[in-house]
Amino acid sequence: MNDIKLDWKLKLEEALFALALKQGLDISRDNFNLIVETPPKPEMGDLAFPLFPFAKMFKKNPVEIARDVKLYINENDPHSESSINSTGPYLNIKIDLSDITGKIINDILNAGNKYGYTDNYTNKKVMVEFSCPNTNKPLHLGHLRNDSIGMSVSRIMAANGADLRKVNLINDRGVHICKSMLAYKIFGDNQTPDSAGVKSDHFVGDYYVKFNTWSKEFPEAETEARAMLKEWDDGKSDITELWKMMNDWTISGIKETYLKTGVSFDKYYFESKTYMEGRAEVLKGFDAGVFYKEADGSIWADLSEIKLDKKVLLRSDGTSLYLTQDIGTAIARHRDWGFEKLIYVVGSEQQYHFQVLFYILKKLGFEWANDLHHLSYGMVNLPDGKMKSREGTVVDADDLVDELTSIAKKEIIAKERASLVGDLQKTSESVALAALNYFLLQISPGKDMIFDPAESISFSGNTGPYLQYMGARISSMLRKFEDRKDEFTKAKFNPEILVLDQERELIKLLLSFPEIVSDAGKGMNPSVITTYLYELSKVFSRYYHDTSILKDPDKDTVVSRIYLVKAVLQVLKNAFYLVGIPFLERM
RNA sequence: GCGUCCAUAGCUCAGCUGGAUAGAGCAACGCCCUUCUAAGGCGUAGGUCACUGGUUCGAAUCCAGUUGGACGUACCA
């Protein structure tokens with residue numbers, strides 16, 4: 001598609017240039033740069049070139065210029081004559097698809113699940129950090145958005161050729177961890193997740209909630225938690241044991257959720273192991289004069305250069321902070337695996353943190369600090385207000401996925417398809433995931449969003465299940481075709497048959513998929529893919545509705561359309577993968 | 001106070017580096033199942049793109065200001 005655009009752009013620019021010379025204008029070829037657009041309606045053409053910018057140069061109405069260019073092309077390039085149209089101040093081009101339809105469909109079917117891939121990041125190491133849960137409670141809705149974006153961006157970058165590594169940094173250290181430990185020590189009564197019959201991360205999370213209610217009555221709870229952190233730091237063995245046990249419970253529970261939601265990592269980092277990393281680097285920076293020391297011995301960074309205040313990096317007692325740790329982890333990671341790009345998928349509330357982090361790394365002389373990127377995503381709110389994890393108003397990730405699954409199941413049963421889908425439970429889970437991921441990824445990452453549970457589980461309209469349903473209908477059609485294969489042994493794929501408007505629309509969409517993947521990669525924005533998916537499905541739905549494919553009396557027509565349908569399905573599948581929509585043969 | 005982001009239909013959101021009449025879905029109201037899965041298709045209605053000014057042939061889009069909101073802001077993560 002890009003080549004075609006470029007060809008036309010050059011052809012028209014040359015024509016304009018030639019007209020300028022003819023008019024006696026002394027202007028270099030460099031000034032002729034056309035903008036390519038898509039006309040508002042398909043019947044107007046496939047490409048549009050606005051001519052307004054040339055009005056001044058030619059001292060002519062752009063409408064006239066458009067007419068002149070068309071005349072010029074008619075005279076000098078009769079082959080192109082039929083595809084060009086001057087519509088007011090625009091030159092509209094109708095692309096001749098007859099030559100490329102066969103090629104594009106074959107390309108798609110040959111490339112299979114690699115169709116659409118680009119080499120924008122080939123041989124580039126890209127690391128994506130996401131999820132990063134605390135080990136004092138289970139995952140909630142905010143994590144689901146984080147995970148959705150992290151997985152999707154990773155796949156999109158990989159589809160753009162990147163050598164990709166997904167990493168997760170587990171926050172398993174700090175006073176918040178002590179809170180659930182302390183509550184367990186007091187109220188736990190030696191229970192275990194097994195004995196209580198509770199999923200292990202929820203088991204730990206319940207004690208975190210318990211701590212917070214308890215600390216409202218007994219303010220000294222906070223002090224006790226802090227004292228526990230000190231003991232833990234000092235290596236007191238019973239606390240280390242308790243931590244190991246509870247930490248394992250949480251992590252194994254969280255990993256179950258990852259499995260269920262299709263989230264995976266190439267490497268886990270643990271803060272309990274990496275938190276010392278930053279200290280030495282900060283001290284080195286102090287020796288090099290990058291940082292300064294206050295009278296109480298704390299070490300600071302001066303941020304006035306980027307119009308911020310100042311930031312403490314080592315406390316007066318010499319212990320490190322979140323920022324210090326992140327400095328260390330970044331350096332360690334670059335040493336381990338020299339990435340060309342590191343994407344941190346972290347909430348927008350940490351925008352300041354990353355601004356400071358990147359600045360400090362630059363000041364420390366690491367040139368690769370320019371390759372760090374904070375992919376910030378907005379808060380997820382409920383229709384009736386805010387989520388607060390301490391007050392238990394969060395939407396729990398497991399609960400949400402389970403709820404979506406059970407609604408999907410009910411829906412399948414209500415449609416009397418339970419016996420037709422194969423494994424009902426698995427199908428329901430896939431539908432739930434499609435609903436969830438599509439809902440979360442549809443919205444541009446940077447924006448805050450309102451998550452309406454009722455709306456997300458509604459399966460009509462612009463939703464994940466709608467897209468899945470397209471895939472399932474196509475699959476069903478292809479099975480029916482396979483059953484009748486013998487009737488078509490002599491029929492041939494003839495791209496010239498595919499001339500309906502909707503077929504043209506589909507082919508253009510298929511053609512543009514690589515550009516979509518590229519745009520999504522450049523912008524690190526999965527919503528580019530979701531928008532495309534809906535567009536493709538919508539056009540296909542209409543086609544499916546209006547045109548009989550298997551029932552056409554002409555065998556060549558059936559086969560040719562089946563080729564097109566197969567190509568659509570392939571692109572659908574490839575795009576599904578990029579945004580975490582499970583493909584279903586039947587639903 | 002300062003910093004970052006945001007404001008588009010009743011609701012939830014698209015709108016690419018400025019370009020033709022601002023688009024979807026939901027909700028509302030109609031039409032279409034002896035026809036490849038109706039989880040579908042088609043249609044009607046719904047907008048001063050927060051406000052004001054500027055740049056431009058042209059602004060939802062860029063700039064400035066105003067209003068409203070979210071988040072952050074010197075020893076939590």
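The side chain of glutamate 271 places an N or O atom 2.9 Å from a sugar or linking oxygen of RNA strand B, a polar contact being a pair of N or O atoms within 3.5 Å. This is a predicted model, in which local features need pLDDT of at least 70, side-chain atom pairs count only at pLDDT 80 or more, and totals for chains, interfaces and linings use all residues. Side-chain values use heavy atoms, without hydrogens and water.

Phosphate oxygens of the strand are approached as well. Tyrosine 466 has a polar side-chain atom 3.0 Å from a phosphate oxygen of RNA strand B, and for an N or O atom in the side chain of lysine 538 the distance to a phosphate oxygen is 3.2 Å. Elements that give two or more residues to the surface near RNA strand B include α18 (464-483) and α20 (527-546), as well as strand β3 (90-93); helices (H or I, at least four residues) and strands (E, at least two) are DSSP runs numbered from the N terminus.

In total, 62 residues surround RNA strand B, the closest being Tyr90, Tyr469, Arg542, Tyr544 and Thr547; a residue is near the strand if one of its heavy atoms lies within 4 Å of it.

Another site is tryptophan 249, in helix α10 (residues 237-261). Tryptophan 249 is buried, because its relative accessible area is 14% and buried means under 20% (1.4 Å probe, protein chains only). Beyond its neighbours within four places in sequence, its contacts (heavy atoms within 4.5 Å) include Tyr184, Pro193 and Phe203. Proline 193 is 56 residues away along the chain, with a C-alpha separation of 7.8 Å from tryptophan 249.

Definitions and conventions. Residues numbered from 1 in each chain as written. Chains lettered and ligands numbered in written order. Buried < 20%, exposed > 50% of the residue type's maximum accessible area, 1.4 Å probe, protein only. Polar contact = N/O pair within 3.5 Å; in protein donor to acceptor, adjacent residues only side chain to side chain.
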